[in-house]
Amino acid sequence: MGHLDHAALGWLTPVLSYAMACTGSALGLRCTVRALAATGRSRRNWLLTAASAIGTGIWTMHFVAMLGFRVSGTDIRYDVPLTLVSLLVAVLVVCAGVFAVGHGRNRAPALLLGGLTTGIGVASMHYLGMAAMRLHGEVNYDPVRVGLSVLIAVAAATAALWAALNTRSPLAVAAASLIMGAAVSSMHYTGMFAVSVRVTPSGEALPGATAMQFIFPLAVGLGSYLFLTSAFVALSPPAREREASASARQQPAGSTAP
């Protein structure tokens, strides 16, 4: 059996991956709050931004953490197309969950459906990402820990969507994002602790790209997207401020508001 090291770079990857999960959660929650206060095309655009932020944050968290993953006795490579599919799955399933909540008339059923859909999707993203891993040996999973990781993913997704419906103040969103970041990280490492590898030494070259060749630049790009989008959302005025500004512009010169 190969020895698995989940933090080969020390605390750097766990801390940075947690920061990515928190950033994506915070941005997604803020965008969902904006969406619920908007209508029509504006609501749709805010929900799309929320889904891309949460999905991107979760995917970036997973693969930043994987930068510190090592298995003794074998190199590790990643299948590029399958890794990109895992990113697409993360964004699409989060999009489905966010839209279920954003447009659902009955909040409780919409929340349960959205949480279940998003949670299973997040777990699917994680295990698709693991399936993209190439090494000399056989990867096995403890089914109990896999099941626990899926339950954590569903609970985390449901809590995130509940927070999106029930938090309004920036302080509440910040607190919810810290909790969500911890939940997403817990799901990831629970799934990773379900892994065991039986190494088969071989001199053959592995297919795919190394983490530094592919995962690192993509994670940096997606992380930059999260931070830039966060700045845009922070600087964008809320709907009530835009409405007040529009009303002030339409008011005749010299008149006073009642």
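## Basis of the model

Residues are numbered from 1 along each chain as its sequence is written. In this predicted model, local features need pLDDT of at least 70, side-chain atom pairs count only at pLDDT 80 or more, totals for chains, interfaces and linings use all residues, and side-chain values use heavy atoms, with hydrogens and water left out.

The mean pLDDT of the protein chain is 83, and 90% of its residues reach 70 or more. Residues 241-249 have pLDDT below 50. Beyond near neighbours in sequence, that stretch has 4 contacts in the model. Here pLDDT is the predictor's confidence in each residue, from 0 to 100, and a contact means heavy atoms within 4.5 Å.

## Overall layout

The protein chain has 8 helices and 6 strands. Along the sequence they follow the pattern β-α-α-β-β-α-α-β-β-α-α-β-α-α. Helices (H or I, at least four residues) and strands (E, at least two) are DSSP runs, numbered from the N terminus.

Of the 258 residues, 47% are buried. Buried means under 20% relative accessible area, exposed means over 50%, and partly exposed lies in between (1.4 Å probe, protein chains only). Among contacts with a separation of 6 or more, 89% join residues 24 or more positions apart. The protein chain exposes about 12,500 Å², and carbon and sulfur atoms supply 67% of it. Accessible areas come from the Shrake-Rupley method with a 1.4 Å probe; for residues, only the protein chains shown count as cover.

## A nonpolar patch

L9, L12, L16, M212, F216 and V220 make a nonpolar surface patch of about 540 Å². Patches are made of residues with over 30% relative accessible area and no salt bridge; like charges are joined within 9 Å, and nonpolar side chains (Val, Leu, Ile, Met, Phe, Trp, Tyr) within 5 Å.

Helix 1 (12-36) and helix 7 (211-235) each supply at least two residues of the patch. Helix 7 gives the largest share, 3 residues. L12 lies in helix 1. L12 counts as exposed because its relative accessibility is 52%.

## Two salt bridges

Side chains of opposite charge can pair when their charged atoms come close. The whole structure holds 2 salt bridges. Each is a side-chain nitrogen of Lys or Arg within 4 Å of a carboxyl oxygen of Asp or Glu.

R134 pairs with D79, the closest N and O atoms being 3.7 Å apart. This pair links distant parts of the chain, 55 residues apart. R134 is in strand 4 (residues 133-135), while D79 is in the loop between strand 3 (76-78) and helix 3 (80-103). R134 is partly exposed at 26%, and D79 is partly exposed at 23%. R145 and D142 also meet in a salt bridge (3.9 Å, N to O). R145 is partly exposed at 40%, as is D142 at 30%.

## Residues inside and outside

S149 sits in helix 5 (residues 143-166). S149 is buried because its relative accessible area is 0%. Not counting residues up to four places away in sequence, S149 touches Y127, M187, T190 and G191. The side chains of S149 and Y127 make a polar contact (2.7 Å). That term means a pair of N or O atoms within 3.5 Å; within protein, one must be able to donate a hydrogen and the other to accept it, and residues adjacent in sequence count only if both atoms are side-chain atoms.

T229, in helix 7, is buried at 10%. Leaving aside neighbours within four places in sequence, T229 is in contact with L27 and T49. A108, in helix 4 (residues 107-131), is exposed at 51%.
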